[in-house]
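My entries follow in the order in which I looked.

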Amino acid sequence: MSAINLKTFEVWFITGSQDLYGDETLREVARHAQEVAAALDASPQIPVRIVFKPVLTTPEQIRDVVLAANAAPNCIGLAAWMHTFSPAKMWIAGLKLLQKPLLHLHTQFNREIPWSTIDMDFMNTNQSAHGGREFGFIGARMRIARKVVVGHWQDQDVITDVATWTRAAAARHDALTARIARIGDNMREVAVTEGDKVAAQICLGYSVNGYGLGDVVKHIDAASDADVDRLCDQYEEQYAMAPALRRGGQRRESLRDAARIEIGLRRFLEAKGFVGYTNTFENLYGMKQLPGIASQRLMADGYGFGAEGDWKAAAMLRAAKVMAVGLPGGTSFMEDYTYHLKNDNPQVLGSHMLEICPSIAAAQPSCEIHPLGIGGKEDPVRLVFDAPPGPAVNATVVDLGDRFRMVLSEVDVFAPEQPMEKLPVARAMWKPRPDLKTAAAAWIQAGGSHHPTFSQALTTEHWEDLAEMWGVEFVVIDGDTRLRDFKNILRWNDAGVFRRA
Ligand code: MN
């Protein structure tokens, strides 16, 4: 898989106005819009292209630009600005056809009122304050999902809000053609990892299909000794190797088996153009080990991954990888594994049997081999590390039968109180906000899975914007959460607002 390049994506910057203002004013509107679009396009924070489109003054022009946006393969959304007053019945035909995400940038070209010179001409040219409200009404009237960003276009918080939305739009766009392989189906009897794949494809985009182990194993068996040696050399360069895994070490063959699995898995994914996959330790026929280091390194390269057949977790991780391109901090498949219930400092130890992405490693990972104790295969090779302290978010999507629900929990990662020298897996220790007691109860009430996508790169707003684009329910557990109110939100949302197609 080639690296994800967000600069191939375009957001079209459209400006609403009307003919009433006359040519001179409309030329000024166009100059302003060009300047705003160019500034956003040049912002290092915005990862996609922002492309100026001519000012729209008629229903026909609006409809035409929407149709062109729908058809443009690299256009991931529209950013609309009402510089002046754009009577919104003009927008109905276009908005009815719109199939891409919409951002309403509610800004104004001038930051401040020019106190000594302001006159009616100035007011008429700079009237986003009411033009934006007319546009807001038609969006609300037509139930169009959109993000509204308010403030001066040069302000950092406005640019951040726009940038966040473009990242979500990129993930949504990626998902429309994204394919995920469910290798070996599901861990037997597990519920949350199942769900309606047809509904998911309609709603989220990802196409999820099952593959037998033989489809992967043939690529593993075909890996040449020279390729395996080369990959083992790469491991030695990048990680602190356990002595037994080094050249001449007594477990060296296990490292070579692990490398062979990585090569085979990678070739299987590349051959069919997958951007994510799942596997399950209960179904590894033909593989010597459960893929550990392989899945860890594939995640680091941008693949979505879900253990135990969790294809929704694989989809979420892929979305996170697209949204997080170029941002500091990592993103990983995760599991709430065990608790530290010390009275004054309760925390969660997040980890998995093996598959944690090294993008969240605070320092150089160590490459180790230990028994798995489950699955009946040979000992798997894995990378071991801790996540660095700092804020993070855990997000998951579950299938409630009539709809998808995204649950998000804001957490703070801390260094472990004490080293865990005997724990042979990568891990993160966190305190959920507002506290473990409230957050875990809320997560459980919401039916959140035990496989969140953990990210120190993304914020709540990235997922909020994506949930809005997907049209899925979005519930947040953060520093303000009160369990009683949270349960009411779940009840209200059950009233039918989010029922899927
Ligand atoms: Mn698991």
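**Aromatic rings and their partners**

I began with phenylalanine 274, which is buried, with a relative accessible area of 3% (buried means under 20% relative accessible area, with a 1.4 Å probe and protein chains only). I note that this is a predicted model, in which local features need pLDDT of at least 70 and side-chain atom pairs count only at pLDDT 80 or more, while totals for chains, interfaces and linings use all residues. Residues are numbered from 1 along each chain as its sequence is written, and side-chain values use heavy atoms, with hydrogens and water left out.

Next I looked up ring pairs, taking rings of Phe, Tyr and Trp (its six-membered ring) as paired if their centres lie within 6.5 Å, and as edge-to-face if their planes are over 60 degrees apart. The count comes to 11 aromatic pairs. One of them is edge-to-face and joins tyrosine 211 to phenylalanine 268, at 5.7 Å centre to centre with 75° between the planes. I found tyrosine 211 in strand E7 (residues 207-211) and phenylalanine 268 in helix H10 (residues 252-272), 57 residues apart; helices (H or I, at least four residues) and strands (E, at least two) are DSSP runs, numbered from the N terminus.

Tyrosine 211 also forms an edge-to-face pair with phenylalanine 274, at 5.2 Å and 75°. Phenylalanine 274 lies in the loop between H10 and strand E9 (276-278), so this pair ties together parts that are 63 residues apart in sequence.

Conventions: Phe/Tyr/Trp six-rings, centres within 6.5 Å; stacked < 30°, edge-to-face > 60°. Buried < 20%, exposed > 50% of the residue type's maximum accessible area, 1.4 Å probe, protein only.
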